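Hi,

Here is the structure I said I would pass on. Have a look at it first, then read my notes below.

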There are 2 protein chains.
Amino acid sequence: MKNGVDINMNRLRFVTSNKGKFYEVKSLLADYEIEMFNVGYPEIQASDLEDVACYGIRYLWNEYGGNLFLEDSGLFIHKLNGFPGVFSSYAQNTIGNRGILKLLSDEKDRRAYFKSVIAYCDEKGSIKLFGGRVDGFISYEEVGDEGFGFDPIFLYDGRTFGEISLDDKNKKSHRGFAVNEFKRYLDNNFKEVL
Amino acid sequence: MKNGVDINMNRLRFVTSNKGKFYEVKSLLADYEIEMFNVGYPEIQASDLEDVACYGIRYLWNEYGGNLFLEDSGLFIHKLNGFPGVFSSYAQNTIGNRGILKLLSDEKDRRAYFKSVIAYCDEKGSIKLFGGRVDGFISYEEVGDEGFGFDPIFLYDGRTFGEISLDDKNKKSHRGFAVNEFKRYLDNNFKEVL
């Protein structure tokens with residue numbers, strides 16, 4: 001329900017197996033009914049998140065129809081030519097934050113950005129992409145217990161993402177920006193319909 | 001032609017865009033007519049080379065029919081939980097050999113292996129996988145100008161793969177083993193037919 005009118009959004013499905021990510025996104029899309037849709041899809045080895053997201057959402061459309069979206073994100077480190085980028089999950093699970101810090105030991109250029117891409121496929125199979133990016137630096141050590149993944153080594157505005165609350169992170173994070181862009185699209189789209 | 005009989009192998013296509021790899025494999029399959037087939041296919045983000053190869057060959061079968069094969073390989077480092085593994089090309093293009101050496105600085109456990117997987121799809125769409133593996137160590141510095149990729153930091157039998165000739169490498173490398181396994185299959189398969 002939105003503005004008292006049934007807009008048939010009860011089938012908007014967020015394709016993810018990550019409960020933390022699901023609740024993070026759900027809290028930002030509180031006006032909509034979001035269902036966690038835990039199915040697998042192929043993530044290709046491309047250099048851009050957009051390519052990975054596009055390929056995935058097309059596969060999902062073919063298998064499960066529309067009214068669904070996915071989110072993919074990555075950490076891109078300037079001095080490492082964008083590594084770990086689209087392979088962030090894999091890098092996190094293998095070399096971890098310690099590995100990243102080691103790769104950057106003795107490096108003064110610690111610029112990095114987090115990027116998030118949301119791919120949405122509507123009921124007719126039309127696909128839209130929404131992105132968010134936040135620029136910061138890699139810290140010299142892990143700080144903070146909040147968040148997950150690379151959060152404790154990503155410095156933004158004097159603190160790491162591991163030091164700020166989820167609410168605070170949603171206001172300034174790549175994923176927060178991407179979800180808000182997606183939300184604006186949904187809002188405008190349904191304004192037109194209503 | 002093989003054994004004087006036309007075995008209709010003139011359409012055995014090796015799917016790759018890497019000329020070095022093509023000639024390396026072609027030299028090992030000299031009895032067969034191999035054609036370089038430079039088309040793209042999706043490489044998924046899986047943790048096993050087998051999964052990546054299987055997904056790719058199924059895609060290729062659907063798009064281009066059978067009588068083709070692909071080869072995928074990776075370097076798996078014990079102390080780094082298998083990193084860079086299936087993402088070896090990406091790691092090579094971003095952090096490079098220097099990055100790997102940095103990740104292993106102060107590490108005494110330098111065990112690593114190269115693995116190669118060949119996926120072959122015959123005329124009827126039947127898929128077979130062939131594998132090769134070679135165990136060695138990561139060196140403390142880059143040595144040698146032969147080969148490509150991680151060869152100069154992969155120590156085997158006292159020398160790096162960057163120090164040995166292609167002929168020598170074909171005799172002891174992961175790719176050489178996989179191609180020879182594939183060759184045995186082709187040989188036996190066609191013996192049955194003849």
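This is a predicted model: local features need pLDDT of at least 70, side-chain atom pairs count only at pLDDT 80 or more; totals for chains, interfaces and linings use all residues.

**What I found**

In helix H2(B), the buried residues are Leu49(B), Val52(B), Ala53(B), Gly56(B), Ile57(B) and Leu60(B); buried means that 20 or more other C-beta atoms, placed from the backbone, lie within 10 Å of a residue's own. Looking down the axis of H2(B), you'll see these residues within an arc of 120°, so they line one face of the helix (the arc is taken from the directions from the helix axis to the C-beta atoms). Their cover includes strands E1 (12-15), E3 (68-77), E5 (111-121) and E6 (127-138) of chain B. Helices (H or I, at least four residues) and strands (E, at least two) are DSSP runs, numbered from the N terminus.

Residues are numbered from 1 along each chain as its sequence is written, and chains are lettered from A and ligands numbered from 1 in the order in which they are written.

Now, how do the chains meet? The contact takes 16 residues from chain A and 16 residues from chain B, contact meaning C-beta atoms, placed from the backbone, within 7 Å. On the side of chain A that touches chain B, helices H3 (88-94) and H4 (96-103) of chain A each give two or more residues, and H4(A) gives the most, with three. 100% of chain A's interface residues are also interface residues in chain B, so the copies meet through the same surface.

Cheers

Terms used:
A residue is buried if 20 or more other C-beta atoms lie within 10 Å of its own, exposed if 12 or fewer, and partly exposed in between; C-beta atoms are placed from the backbone. Two residues are in contact if their C-beta atoms, placed from the backbone, lie within 7 Å.
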